[in-house]
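Okay, let's get going, I have one model to walk you through today.

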Amino acid sequence: DSTRARPPQQSLYMRVSMSTHLVGAAAIMAFALGGCNTTATSEYEPVVSLNEIMVYVVDPHSNEIWDAALKPPTTEDSWKQLQHAAVVIASAGNLTRLSGNGPKDQDWVMQGDWSKYSQAVADAGLAALEAVRSRNVSAISKAGDQLTLACINCHREYRLDVPKIWT
């Protein structure tokens with residue numbers, strides 16, 4: 001499509017840097033998935049609440065995606081920052097499936113639809129990531145809409161004080 005900007009070629013530094021990060025991430029995953037000797041009593045213990053994940057992780061990065069639909073990135077650094085935001089949103093969707101340490105968090109994740117709402121956030125983040133990678137501002141806007149709907153649907157069920165602009 002001739003309307004999309006083509007991403008610039010990556011420098012050798014960028015390719016090496018990205019490769020180093022990927023190798024590091026793979027090592028962390030291997031360690032987390034069984035590369036260490038843990039006992040059967042090791043379990044996931046949340047260290048922050050779902051509310052803190054939303055306020056400090058999801059909210060600021062969601063705003064970056066929504067803002068980019070109105071004012072698209074113009075520099076390589078601003079595209080990288082938007083890519084970072086999309087990765088964080090996709091990851092946060094999965095993170096919220098694990099629960100938090102807030103008073104209702106354990107109950108919420110046990111509900112059948114909690115996983116569906118978490119996946120909707122992850123899917124919106126992945127849609128934003130694909131849009132950023134292709135430098136498609138229209139697709140960024142659609143991913144932002146998808147994220148908005150994911151937020152509204154979950155907040156209606158689990159946080160009843162949905163902002164008035166969403167209802």
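Predicted model: local features only at pLDDT ≥ 70, side-chain atom pairs only at ≥ 80, totals over all residues.

Residues are numbered from 1 along each chain as its sequence is written, and side-chain values use heavy atoms, with hydrogens and water left out.

What do we have in the way of secondary structure? Six helices and zero strands, taking helices as DSSP runs of H or I with at least four residues and strands as E runs of at least two, numbered from the N terminus. Contact here means heavy atoms within 4.5 Å. Of the contacts with a separation of 6 or more, 69% are between residues 24 or more positions apart.

Now the packing, starting with helix 5 and helix 6. Their axes come within 8 Å and cross at roughly 165°; axes are lines fitted to C-alpha atoms, for helices over the stretch in contact, and angles run from 0 to 180 degrees between N-to-C directions. That angle makes helix 5 roughly antiparallel to helix 6, since angles under 35 degrees count as roughly parallel, over 145 as roughly antiparallel, 65 to 115 as roughly perpendicular and the rest as oblique. The residues that meet include Trp114, Ala124 and Val132 in helix 5 and Ile140, Leu147 and Tyr158 in helix 6. By class, this contact of helix 5 with helix 6 divides into 16 nonpolar, two polar and two charged residues. For the classes, Ala, Val, Leu, Ile, Met, Phe, Trp, Tyr, Cys and Pro count as nonpolar, Asp, Glu, Lys and Arg as charged, and the others, Gly among them, as polar.

Helix 6 has another partner. Helix 2, residues 50–70, packs on helix 6, residues 137–158, at about 135° with the axes 8 Å apart. So helix 2 is oblique to helix 6. On the helix 2 side you'll find Ser62, Ile65, Trp66, Ala68 and Ala69, and on the helix 6 side Val137, Ile140, Ser141, Gly144, Leu147 and Thr148. This time the count is seven nonpolar, four polar and no charged residues.

On to the core. In soluble globular proteins, nonpolar side chains tend to be buried together. A nonpolar core, for us, is a set of buried Ala, Val, Leu, Ile, Met, Phe, Trp, Tyr and Cys residues joined through side-chain atoms within 4.5 Å. Which members of the largest one, with its 27 residues, touch the most others? Those are Ile65, Leu82, Ile89, Trp114, Ile140 and Leu147. Two or more residues each come from helix 2, helix 3 (76–97), helix 5 (114–133) and helix 6, and helix 5 gives the largest share, eight. Take Leu82: beyond its neighbours within four places in sequence, it is in contact with Glu64, Ile65, Ala68, Pro73, Val132 and Ile140.

Ser99, in the loop between helix 3 and helix 4 (105–109), isn't a glycine, yet its phi is positive, about 95°. Ser99 is also buried, at 0% relative accessible area. Arg135, in the loop between helix 5 and helix 6, has a positive phi of about 55°, again without being a glycine. At 16% relative accessibility, Arg135 counts as buried too.

Conventions:
Buried < 20%, exposed > 50% of the residue type's maximum accessible area, 1.4 Å probe, protein only.
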